[in-house]
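Reader: I would like to go through this model one question at a time. Please show it before we start.

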Amino acid sequence: MSHRGICLQSVPFERFAFRFTPEVVRILIPNDLVGVYLLFDQGEAVYVGRSDNCLRTRLANHPFVGQASYFTYEICHSRLRAFYLEAYWFHRLQEFAPQRLLNSIHPAKPANCSQTCPFCNSKNSKALKVAFSTLGILDKPFNF
Ligand SMILES: [Zn+2]
């Protein structure tokens with residue numbers, strides 16, 4: 001079985017991240033979309049977050065505007081998927097770059113959601129890592 005990992009270090013930073021200013025956020029992201037974002041400082045991911053209502057408003061008014069230099073984002077089709085993606089990145093950053101992570105608490109579940117974070121359970125987490133590796137999403141820990 002071959003593993004096709006994604007190594008972001010070989011991708012020029014500007015290919016997957018954007019300057020973190022309210023103007024750039026407003027140009028790129030339409031209103032009223034659910035989504036997840038990563039903020040970067042000096043080339044390293046430092047914060048993960050999401051919006052269950054309007055990603056554009058959340059990012060354009062984010063308290064780390066002016067502190068973080070770049071951002072990237074993903075639009076999600078459901079609040080649950082956004083929660084899972086945010087939780088996934090939170091655990092990844094906590095595991096591999098805890099010294100830079102500015103998130104102080106685990107991502108909250110969406111309102112009226114009974115699902116729990118699948119990555120908090122170590123058995124689920126190992127199974128998901130195997131599944132992601134098989135799909136070529138993960139191969140090894142990577143740095144930004
Ligand atoms: Zn968790």
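**Strands, core and helix**

Reader: Which residue of β4 stands opposite tyrosine 37?

Author: This is a predicted model. Within it, tyrosine 37 has a residue across from it in β4, and that residue is tyrosine 73.

Reader: Over how many bridges do β2 and β4 pair, and in which sense?

Author: Another bridge partner pair is leucine 39 with phenylalanine 71 in β4. Phenylalanine 71 is also the bridge partner of phenylalanine 18. As for β2 and β4, their pairing is antiparallel, and the number of bridges is 6.

Reader: In what order do the strands form the sheet?

Author: β1 and β4 pair in the antiparallel sense over 2 bridges. β2 and β3 are antiparallel too, over 7 bridges. The edge strands, each pairing on one side only, are β1 (18-19) and β3. The open sheet of 4 strands therefore reads, with antiparallel pairing, β1-β4-β2-β3.

Reader: Which residue takes a positive phi in the hairpin of β2 and β3?

Author: Glycine 35 in this pair of strands has serine 51 of β3 as its bridge partner. The hairpin has 2 residues between the strands. The residue with a positive phi, near 50°, is glutamine 42.

Reader: Which element gives the most to the largest nonpolar core?

Author: This core has 28 residues, and Tyr37, Leu38, Leu39, Phe40, Ala68 and Phe71 touch the most other members. Two or more residues come from each of β2 (35-41), β3 (44-51), α2 (55-60), β4 (70-75) and α3 (79-96). The element that gives the most, with 6 residues, is α3.

Reader: What is leucine 38 in contact with, leaving aside its neighbours within four places in sequence?

Author: Leucine 38 is among the residues that touch the most other members of the core. With the neighbours within four places set aside, its contacts are Ala45, Val48, Phe71, Thr72 and Trp89.

Reader: What arc do the buried residues of α3 cover around the axis?

Author: The buried residues are Ala82, Phe83, Glu86, Ala87, Trp89, Phe90 and Leu93. They lie on the same side of α3, because the arc they cover is only 165°.

Reader: What angle does the direction of α3 make with that of β3?

Author: β2 and β3 are among what covers the buried residues of α3. α3 packs on the sheet and touches β2, β3 and β4. Its direction makes an angle with that of β3 of about 160°.

Reader: Is arginine 79 buried, exposed or partly exposed?

Author: Arginine 79 lies in helix α3 and touches Val34, Asp52, Pro110 and Cys113, not counting residues up to four places away in sequence. Buried would need 20 or more C-beta neighbours, and exposed 12 or fewer. Arginine 79 has 18 inside 10 Å, so it counts as partly exposed.

Reader: How far apart in space are arginine 79 and alanine 111?

Author: In sequence, arginine 79 and alanine 111 are 32 residues apart. In space, C-alpha to C-alpha, the distance is 9.0 Å.

Reader: Where is asparagine 112, and is it buried or exposed?

Author: Asparagine 112 has a phi near 60°, a positive value in a residue other than glycine. Its place is in the loop between α3 and α4 (122-134). With 6 other C-beta atoms within 10 Å, asparagine 112 is exposed.

Reader: In which loop is aspartate 32 found?

Author: Aspartate 32 is not a glycine, yet has a positive phi of about 65°. Aspartate 32 is exposed, with 10 other C-beta atoms within 10 Å. The loop is the one between α1 (22-28) and β2.

Reader: What pattern does the protein follow along the sequence?

Author: The secondary structure comes to 4 helices and 4 strands. Read along the sequence, the pattern is β-α-β-β-α-β-α-α.

Notes:
Residues are numbered from 1 along each chain as its sequence is written. This is a predicted model: local features need pLDDT of at least 70, side-chain atom pairs count only at pLDDT 80 or more; totals for chains, interfaces and linings use all residues. A nonpolar core is a set of buried Ala, Val, Leu, Ile, Met, Phe, Trp, Tyr and Cys residues joined through C-beta atoms within 7 Å. Two residues are in contact if their C-beta atoms, placed from the backbone, lie within 7 Å. The arc is that of the directions from the helix axis to the C-beta atoms. Axes are lines fitted to C-alpha atoms, for helices over the stretch in contact, and angles run from 0 to 180 degrees between N-to-C directions.
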